[in-house]
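Thanks for coming, everyone; I would like to take a few minutes to walk through one model with you.

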Amino acid sequence: MSSASQIAGFGHAVPERRVDNLQIERQLGLEPGWIERRTGIRSRRWAADGDTLTDLAARAGAMALEDAGIARESVALTLLATSTPDHLLPPSGPLLAHKLGLARSGAIDLAGACSGFLYALTLADGFVRTQGLPVLVVAANILSRRINPAERATAVLFADAAGAVVLAPSDITGHGLLGMDLTADGRGYDLISIAAGGSSRPFAPSMESADCLMTMRDGREMFSQAVRMMTGCAGRALARAGIAAGEIDRFVPHQANGRISDAVCAGLLIDPDRAFRTIAEFGNSSAATIPLSLSLAHRHRPFTTGEKVLLTAAGAGLTGGACVIGI
C-alpha cells in the first residue's frame with residue numbers, strides 16, 4: 001500500500017492533419033472569423049482515414065511511460081477514457097495495453113464523455129493507494145468521425161487527440177490527488193448525444209446516417225450547464241483539499257470553449273493567466289483535452305515538486321468533475 005499517488009509521466013499525441021477554421025466556415029456558410037469569436041478555436045486536428053483510436057492512444061501512452069521511466073511490466077492497470085472506441089465490442093483498453101506491451105496490466109474502457117479523464121484519474125488514484133502499483137491513464141477520442149458536418153454546433157468544436165499520465169506510488173505528503181469532486185445530472189442527458197447505435201435504438205438498414213452522428217440539442221444550455229458544473233465541482237474539490245483558489249499554481253480546465261474557461265476562471269476568482277489553454281490550436285477533443293493540456297504544459301514549463309494543479313471538466317450525460325493534484 002502507498003500513502004499517496006503521484007503523476008510520474010505525461011504524454012500526448014495528435015493527428016498530423018490540421019484543419020483551419022476557414023475550411024469549416026466555408027462549408028457551413030459562415031463569415032470568416034465566426035468560429036474563433038465564439039469558441040476561441042483557430043484550428044483542430046483530424047485523424048487520417050487509416051488512423052485508429054488505439055493507435056493514437058498508444059502514442060500518448062508510450063510517451064507517458066517513457067517520461068515516467070518505469071518498466072512496462074510494472075504497470076498493473078490501464079484505463080482508457082474514450083467516447084470513440086475502435087469497436088462497440090470488445091473494449092479498446094485490452095488492445096491498447098497489448099500495443100504498448102503491458103503484458104501484466106488489466107485494461108478497461110471508461111465512457112465518461114468530456115469528464116472521463118477525471119473519473120479515470122480518481123479511480124487510478126484509489127488503485128495506486130490500495131495496491132501500491134503504477135497505473136496508466138489514457139484519454140483519447142477521434143470525434144471527427146462522429147461530427148455531423150451539417151450541424152454548426154458540433155462541426156465547429158470537436159477534434160481528435162490523446163493524452164496520458166502514469167500514476168505511481170508515493171510516500172511523500174502533498175503528492176497526488178488532494179481533493180476531488182464528481183457529479184452527474186441526468187436531467188441534461190440528451191443535450192449532447194448520438195441517437196442511434198445503442199441498445200435502446202440499435203442500427204437498422206432504414207436508419208438515417210445523421211442518427212449515427214453527434215448532435216447538440218441546445219448549445220446555450222450546454223454552455224450554461226458546463227460553466228455551472230465546472231465551477232461548482234472545482235470549488236468543492238478545492239474545499240476538500242483545504243486549498244484556496246489563489247494557491248493554485250496552474251489551472252487546466254477542459255477545453256470545451258474559450259468563453260467557458262473564462263467564465264469558470266471568473267467564478268473561481270482565478271487569474272486567467274494561470275489557466276493553461278490549448279483550445280486555439282487543438283480544439284475540443286472531449287476527455288483528451290485535459291491530459292493533452294497537462295502534457296503540453298509540462299513541455300512548455302516542466303512541473304516542479306510542490307506545485308498544485310486544478311483540473312475541472314463537464315460534458316455529455318451530464319457528467320462533471322474536478323481534481324486538485326499535488327505534483
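This is a predicted model: local features need pLDDT of at least 70, side-chain atom pairs count only at pLDDT 80 or more; totals for chains, interfaces and linings use all residues.

Residues are numbered from 1 along each chain as its sequence is written, and side-chain values use heavy atoms, with hydrogens and water left out.

Let me start with the overall picture. The secondary structure comes to ten helices and 13 strands, where helices (H or I, at least four residues) and strands (E, at least two) are DSSP runs numbered from the N terminus. Along the principal axes, the C-alpha atoms fill a box of roughly 55 × 45 × 35 Å. Of the 327 residues, 56% are buried; here buried means under 20% relative accessible area, exposed means over 50%, and partly exposed lies in between, with a 1.4 Å probe and protein chains only. Taking contact to mean heavy atoms within 4.5 Å, 78% of the contacts between residues at least 6 apart in sequence join residues at least 24 apart.

Now to the sheet that contains β1. Five strands form an open sheet in the order β1-β7-β6-β4-β5, with mixed pairing, and two strands count as paired if DSSP finds at least two bridges between them. Because β1 (4-13) and β5 (106-110) stand at the edges with a single partner strand each, one side of each is left without a neighbour in the sheet. From one strand to the next, the twist averages 20 degrees; for such angles, axes are lines fitted to C-alpha atoms, for helices over the stretch in contact, and the angles run from 0 to 180 degrees between N-to-C directions. Within this sheet, β4 (residues 77-81) and β6 (residues 135-142) pair in the parallel sense over five bridges, and Leu80 stands opposite Val138 in β6. Helix α3 (residues 53-68) lies across β1, β4, β6 and β7 (160-170), and its direction is at about 130 degrees to β1.

What does Ala8 touch, leaving aside its neighbours within four places in sequence? Ala8, which has its place in strand β1, is in contact with Asp67, Ala68, Val166 and Ala168, and at 24% relative accessibility Ala8 counts as partly exposed.

The other sheet is again open and mixed in its pairing, with four strands in the order β8-β13-β12-β11. Here β8 (176-184) and β11 are the edge strands, each with a single partner, so one side of each has no neighbour in the sheet. The twist averages 10 degrees from one strand to the next. Helix α8 (residues 258-268) packs on this sheet, touching β11 and β12, and its direction makes about 135 degrees with that of β11. Strand β8 pairs with β13 (residues 319-326) in the antiparallel sense over eight bridges, with Leu182 and Gly321 as bridge partners, whereas β11 pairs with β12 (residues 308-315) in the parallel sense over four bridges.

In a regular strand the side chains alternate between the two faces of the sheet.

Most residues other than glycine have a negative phi, and most peptide bonds are trans. A cis peptide bond joins Leu89 and Pro90, with omega about 5 degrees, and Pro90 sits in the loop between β4 and α4 (93-99). The bond from Gly317 to Leu318 is also cis, with omega near -10 degrees, and Leu318 is found in the loop between β12 and β13.

Which side of the burial cut-offs does Leu269 fall on, buried or exposed? Leu269, with a positive phi of about 60 degrees, lies in the loop between α8 and α9 (279-282) and is exposed, at a relative accessible area of 73%. Ser286 also has a positive phi, near 60 degrees, but at 4% relative accessibility Ser286 counts as buried.
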